[in-house]
Amino acid sequence: MSADSAFRRPLALWVAGLFFVCIIAGVFAPGLSGGFLFDDYPTILQEPKVQLEQLSWAGLREASLAFHPEGGFPRPIAGFTLGLNHALGNGLEPFAYKLTNLAFHVANALLLFAWLMRLLSTPSWRSHRPGLPAAAITLLWAIHPLQVSTVLYVIQRMEMLWVTFALLALWQYTEGRLRQIRGEAGAPKHFAIAGAAIPLGLMAKESAALIPLFLVALECVVFRFEAIDPRWTKAWRTLSLLGVALGSTVYAALNLRYLRDPAAYASRDFDAMGRLLAQLEIVPGYLVAIVWPRIDRMTFYYDQLAAPAGITLPVALGGLSMLALMLAAFWLRHQRPAFAFGVLFFLLGHLLTSSAIPLELAFEHRNYLPLAGVVLAVYGLLPERLLQPGRSAGWIMVGVAALALGSLTVARSATWGNTVLLAHTLAEINPQSIRASMDLGEQYMLAAKKDPTSPWYAKAVAEFERASQLPQGSIMGEHGLLLMNGDFGLAADPAWWPRVQEKIATVPLRPQEVDAITGMVEQRLAGLPLDGASLANVALTLAKRRALAPELYALYGTQAYQDLGVTGPAAELFAMALTSPTLDEDFRARIRQGIVNLGGDALLKATDERVAMPNQTDT
């Protein structure tokens, strides 16, 4: 009996599947003991909707409404699963959340294997014994070290969930087309499942909008509109052409929208064209990280990257390399269809996140699904039958690759399993990252346990100071210093507030700066001993430079009045709230009543005088 035929025996299939699952789970298991990280805090620890104390349909319905990004689709499936985690697990204990993520990753690996089994058996492809090649491709995808920052980063469950539905759609569409080509019954059922997976994927993350493009690519490169009935051939070709035309039009309109609207990038320190140029360098960098993985270059944070001002040598070389890859895929589409489809799959997977949409420049989790395309493309370049039963050289090669990738993933997972070690490692391998520096400073601060004589306090001060000197010009280092000293009951260094004031007045204002100032205002109102006068002036400078929500103006005004009275900037900030273009009449009345409750008629009069002054809210 051949090794491949074992995949058709139920007992052997179950044993092989269990072994497969154990390998995948084993390489990520060392990271399950790690903590929450970065966006986990605002989306899980600071989001009460997903923190269900007991399991109920009402609570789960509320959790499903937790995530609705501005300008994007709601993500009810992600919120539902996180709420379920909190209710069934140990509250905000990260282990349960990470274990659930790992379970989704294993499920995605099984779906990928099921799809590849059908994909590699299509008539136009060379593999007539697809089980072992499908298992090899899936395993290398699943245990790649780049996947650590998706699987063990809780909030990236959203990424894994839409991929679940994408793989389901690809598998069922492939099954339906194979049945249709062979004249077998049941194709409509599989097409219906594939179609239903698309809206479900959109309820996990907007990236599921790529699923129809994957299906069109599958049709064009793999099935090539083949059908028993010529009328179906014509229908598939027409539908594919319409899909390409519609997708291209929508994509072009999306990019033009952001290219023509500089205000969309108000929270970024780059513009749409700079972002597009940066992707010509970043996407080839992803490819290198997949083919030649080095965990000392997988930095997780990429906030140190700057968008180019024009076409630089790295941008030009990156663009030419992508063009060469596309030309090679087109040239080899008949001789090496797996390579051609793998290349197209990788590029399509980055189509949205590498567009003019004002996202951050780079994140590792954007490769979660596209990585499968790279492994498939490499398989497509191998000699025919190299990965078939009885070919020991091919399986030795796969074994070596799996051992190397698995070892790297175990090592990276072990780092992610220790919060302090992870913070130290990320700051060490990426010394230009403010986020990595701030994480390390916070770990030192926690280790000091509010003891100014602790050596950890000195380390925290040094790390926050280092963050404040990084070239991005962020206030985050000073933010950490001021909050730490306030929490420890220490006076602030006289240089810190002037540095914050200068940066807020001059550097590009990103969301993190707004969040930092807002957080300090909230903590000052809660009683943290910060310099109220300096904070109020910084908040006013921020408000004058950046259009904010009216509730933020009102919040800043409240702090300014409580610390400085009516003679401070409170009236000006409240006037900004009352003249905000996004303010409705009901909220206006509530703000005015709040002003009276806070400072009486004197504060309301001062505010109305500021409202009447021309250009007083020039933001």
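Which residues are buried in H4? They are Pro76, Ile77, Ala78, Gly79, Thr81, Leu82, Gly83, Asn85, His86 and Ala87. Before going on, please keep in mind that this is a predicted model, in which local features need pLDDT of at least 70, side-chain atom pairs count only at pLDDT 80 or more, and totals for chains, interfaces and linings use all residues. Residues are numbered from 1 along each chain as its sequence is written, and side-chain values use heavy atoms, with hydrogens and water left out.

Buried means under 20% relative accessible area, exposed means over 50%, and partly exposed covers what lies in between (1.4 Å probe, protein chains only). Helices are DSSP runs of H or I with at least four residues, numbered from the N terminus.

Now back to H4, which covers residues 76-88. From first C-alpha to last, the 13 residues of this helix reach 18 Å, close to the 18 Å expected at 1.5 Å a residue; the expected span is 1.5 Å times one less than the number of residues. Because 10 of the 13 residues of H4 are buried, the helix is largely enclosed by the rest of the structure. What do the buried residues of H4 pack against? Their partners are helix H2 (40-45), helix H3 (57-63), helix H5 (94-119), helix H8 (157-182) and helix H9 (187-202), where contact means heavy atoms within 4.5 Å.

Next comes a pocket. On a 1 Å grid over the protein atoms alone, a pocket is an open set of points with protein on both sides within 12 Å along at least five of seven lines, and lining residues have an atom within 4 Å of a point. The second largest pocket has a volume of about 860 Å³. Of the 31 residues that line this pocket, Met326, Leu344, Leu347, Leu348 and Leu351 are the closest to its centre. The volume is the space filled by probe spheres set on the grid points, which are joined across faces, edges and corners. At least two lining residues of the second largest pocket come from each of helix H10 (211-223), helix H11 (230-259), helix H12 (272-291), helix H13 (313-331) and helix H14 (337-349). H11 gives the most, with 6 residues. By class, the lining has 20 nonpolar, 9 polar and 2 charged residues; Ala, Val, Leu, Ile, Met, Phe, Trp, Tyr, Cys and Pro count as nonpolar, Asp, Glu, Lys and Arg as charged, and the others, Gly among them, as polar.

Phenylalanine 330 also sits in helix H13 and is exposed, at a relative accessible area of 52%. Its C-alpha is separated by 9.4 Å from that of leucine 344, 14 residues apart along the chain.

How many salt bridges does a search of the whole structure find? The search finds 22, a salt bridge being a side-chain nitrogen of Lys or Arg within 4 Å of a carboxyl oxygen of Asp or Glu. One of them joins arginine 179 and glutamate 175 (3.1 Å, N to O). These two residues are 4 residues apart in helix H8, and so are separated by about one helical turn. An α-helix has 3.6 residues a turn, so residues three or four places apart point the same way. Arginine 179 is partly exposed, at 25% relative accessibility, whereas glutamate 175 is buried, at 12%. Both belong to a network of salt bridges linking Arg118, Glu175, Arg179 and Glu184.

Another salt bridge pairs arginine 510 with aspartate 269 (3.2 Å, N to O). Arginine 510 lies in the loop between helix H21 (496-506) and helix H22 (511-525), and aspartate 269 in the loop between H11 and H12, so the pair ties together parts that are 241 residues apart in sequence. Arginine 510 is buried, with a relative accessible area of 10%, and aspartate 269 is partly exposed, at 44%.

Finally, consider arginine 435, which lies in helix H18 (residues 434-448) and is buried, with a relative accessible area of 14%. Leaving out residues up to four places away in sequence, arginine 435 touches Phe38, Tyr301, Asp303, Glu360, Phe363 and Gln512. Phenylalanine 38 lies in the loop between helix H1 (10-28) and H2, and has a positive phi, near 50 degrees, in a residue other than glycine.

Note on methods
On a 1 Å grid over the protein atoms alone, a cavity is a set of points where a 1.4 Å probe fits but cannot get out, and a pocket is an open set with protein on both sides within 12 Å along at least five of seven lines; lining residues have an atom within 4 Å of a point.
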